[in-house]
Structures are given as C-alpha cells and as structure tokens.
Amino acid sequence: MGLATIHSRAQNGLQADPVAVEVDLSPGLPGLSIVGLPEAAVRESRDRVRAAILNSGYQFPNRRVTINLAPADLPKEGGRFDLPIALGILAASSQIPAQALQDLEVLGELSLTGEIRPVRGVLSAAIKCAKMGRKLLVPEANVAEALLAGDCELKTAGQLGALCAILHGDGLASVPPRPRSAPVLTVPDLSEVRGQFQAKRALEIAAAGAHSLLMCGPPGAGKSMLAVRLPGILPPLREDEALEVAAVASVSAAGFDPQDWGRRPYRAPHHTASGVALVGGGTQPRPGEITLAHHGVLFLDELPEFDRHVLEVLREPLESGQITVSRAARQVDFPARFQLLAAMNPCPCGYLGDSAGRCRCTPDQVLRYRSRLSGPLLDRIDLQVFVPRLDTAELTARDAPAAESSAVVRARVTQARALQEARAGKANAALTPKELERDCVLDEATRQLLVAALTRLSLSARAYHRVLKVARTIADLAGAKAVATAHVAEALRYRQFDRDAG
Ligand SMILES: [Zn+2]
C-alpha cells in the first residue's frame, strides 16, 4: 500500500496533544527521513527503529521512507515515537495488517533488539484517550500507571516481534482493569512530637484551612519534625486530585510510582536549589518542586537562605495555584496548588530569645537577616508561629499527657474542611475578600478588637484578610457557625512575627 498513519501523543507539560505519525514509502534511493523531529532525536530514532525492525525478524523496506510527525509545531521528544514509527513502516510495507492498528494510539521507545521501553507522561495520554474513546498501546512497564486513568482500554506488549505476531493473529487482548489500591499512609505520627502545643495547634489550623505557615525558632526545636507530619493530618485526597498528582509525577524525571497512589506529596527542596529546580523549566519543560508539591506540602526550611528572586516567583502560584514556564517560543502551564510550610531561625546564629542567652547577634544583623523576606511574601503567609526549644525537663517529663495521634487530629481537620467545602466549595485559604465578607460576619465588639489589633501591629489590608480567614478556620474547627471574639483573638496570635519584624 505504501502509506500508513499511526496515532500517538506528544508531551507538553501535562497536555498530551495528538500527533499523527504518517509513513510514506516511495520508489527511489533507499533511505529514511523523519520530518517534524529535532535533528539529534531523528538520528537516534532512525537507528533504533531500523535495528529493532531487523532484529525482530522483519524487513526494512528497500525504498525511500519518509515519516512526517504532524502537526509540526508541537514539542516532540524522540523516544516515545519509536514504536509508532516502526509500526507505521511495517504497516506501509504490508508486513503487518494495517486494520489491526485502527482506533489505537501508540506510545513506546524501542531498544536495538526490539524491546519496548517505557516512556514518560503515559498517564496524561491515557486520560485523554479515555475521554476520546480510543484504545492505547503502552510499554509493559507503563501499564500500572496507565491503568490509573480508569476508563481507558489498554493494550500492551514487551517486544516488537511478539507484538507483530499477535497483530497477525487474533489481535491484541485488552489489559483487564484493576481497582486502584487504597492509599497507604507512611508519614511519621504527630504523637511522637513532645510538647510544642502552640506549634501543633498552628499546624492543625493550617491543615484545616489549607493555610500557609511559617515556623520560627532555634535549631533543634523540632520545626522539621513538625513539618513532615503535616501530610499525615491533611484530609484524604479526592480521586480527581489523586489523578492530578499522579499525572504530574508521570511527566517528572523520577516518574510515577503506583505505590504512591493517593498520597499527598511532600517536597522539601534545599535552599541551594536552582530556580528551574524549584519552579520548573528546561528545554523540554519539566515540573519543578512547586508543581511536584501540587495538592500537597512544599516545605522550605531556612526560608531566608533561599534566593530572593526565587522566593518572589512563589507569589504568583501562591495566589493562582499554577505556574507558567516559558522556554524559547513555548509556554507551558503547570498546576502548583501547594500548601507552603516554611521554617526559619529567629536570627543568623539561631539562638535569639533562647533562655540560655547564647545569641551574640547585633540588632542590625537580626534586622538584615529578617529583611531577606520581603513584606509581600510574608503577607501571603497566613500563620506565623514561634517554636521554642524545649528544655531537658520538658522533654523527659514522664507525667506529660499522651499527645494526640495524627489520626485523631486528621478527623477534626477533615470535618472542618468538609464545612468549608459545603459553604464555599473551597478551603478557607482560597477565599476571596468578597467571599470572606459573606462567610465571616463579625459582631461589632469583635470587629473593633480586630481593628484595634491591626492598628497596634500596623498590619496591611492583606493581613486583615489573612486574620479573618484563619479566624474562620478556627471557628470551623470548633464547629461554630459564626466567627466569635475568641476565634479572632487566637488568629491574631499567629501574626506575632509581623510585629517582631516591624
Ligand atoms: Zn543570634
């Protein structure tokens, strides 16, 4: 027949845009040219496809082979099109029946021996295929991930030769769907953290309303211990959220591990991390830490040590829940609805306010250290809490009441979040000023208390809204319909740092 078209998909951020792989055989000097792929990718793909076809016992056509990947302006990484190209060549040269490939989309890299190797971003492609009612052929190593898409009819094969033999015979059987496994939580428990009642309370409020939280305290106070326990008290992921988390991991360098299904991400990049590592980018744009933390926790330890420019970039996703990564002529949007958790020392040496009086920092040094955090960034952090170092007596006290487990706290948090979803369809942290006015009506005495406190702390209008949101969450945790004086008073305690810094 001389002509064949195989359907495949490119990877563009989380988009999996359709690509048609058109193969044309014509008389003329034997050779293989590929249109629509970058030069280096063409060279590698050409060699792999040719070797894989020959080593699978088939013939490479002794004619001029032209392959066109359409449309031309999509980003196209080479490897994922190896298998569609090979099948296209075999169908165009009538070595396999073309009708066996109808309604089928194909993804897969080939080894020289014809082994079908896994590719990235299979989940996004499977989700799109499910929507279009198309079948999808994926490498065996990608099956577990692709099955998460649910309604997509999947086919798989491990070797090009074996695949072609089946296409000649009865055709490919579909992979039976598997129920998604229940998520297994493996984060350490909150009950292991001694004392620190105010910090734990702040963590619970942050979890309940999806608020951002800054912990300030000396080294060894347990800030990191508290941080890793936040995912364990957050409400369970909804199915659609879990699917988004998996799709993000699927296009990342590490790929998606099906064991992580339903787990909230926890990302803790070091302060030396580059801008690209943090917010995403690269020639083939990959998600950064803030996207890998989508629907989960982004923990930034030693916040003032981060590059100031990088911190300012966080302001956009903190408001919008997404990030636009630009590279050359292309723009890619990645989701980035993360919960920001940050920690810092109170001063350069870390011991300011320590009862042992170890701090030798000058007021000027302290001021310069804190001014590394811009006002606008601090303004976007809902809760700020001081985490003191516990003395040995507190740590070894035998008569201390048993601390609550993560499961107990999580149940309260989940209930409070359900109230927010029912009232506004979102967590309190995401409320707009208008929605706040509607959902957070204060009586006159409470309003006056808040106004007086704001004046005393010289807080901005933005901070006013932060306090109201946090007060709303505190009321939700208490199961209270109206926000009362006590809720606002407690919310104000988590703006302590504004005053210290100012
Ligand atoms: Zn100091």
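Ground rules first: I'm working on a predicted model, where local features need pLDDT of at least 70, side-chain atom pairs count only at pLDDT 80 or more, and totals for chains, interfaces and linings use all residues. Residues are numbered from 1 along each chain as its sequence is written, and side-chain values use heavy atoms, with hydrogens and water left out.

**Zinc.** I looked up what holds the zinc ion: Cys347 (SG), Cys349 (SG), Cys359 (SG) and Cys361 (SG) coordinate the zinc ion at 2.2 to 2.4 Å. Donors here are N, O and S atoms within 2.8 Å of the metal (3.2 Å for Na, K and Ca). In sequence, the spacing of the donor residues reads C-x1-C-x9-C-x1-C. Cys347 and Cys361 both sit in the loop between β17 (339–344) and α13 (363–370), so this pair ties together parts 14 residues apart in sequence. Helices (H or I, at least four residues) and strands (E, at least two) are DSSP runs, numbered from the N terminus. I also found Cys347 and Cys361 buried, meaning under 20% relative accessible area with a 1.4 Å probe, protein chains only.

**Helix α1.** I checked the length of α1 (residues 39–55): its 17 residues should span 24 Å at 1.5 Å a residue, and the end C-alpha atoms are 24 Å apart, which agrees. The expected span is 1.5 Å times one less than the number of residues. Buried residues of α1 include Ala41, Val42 and Ile53. After α1 comes Gly57, with a positive phi near 90°.

Note on methods
Buried < 20%, exposed > 50% of the residue type's maximum accessible area, 1.4 Å probe, protein only.
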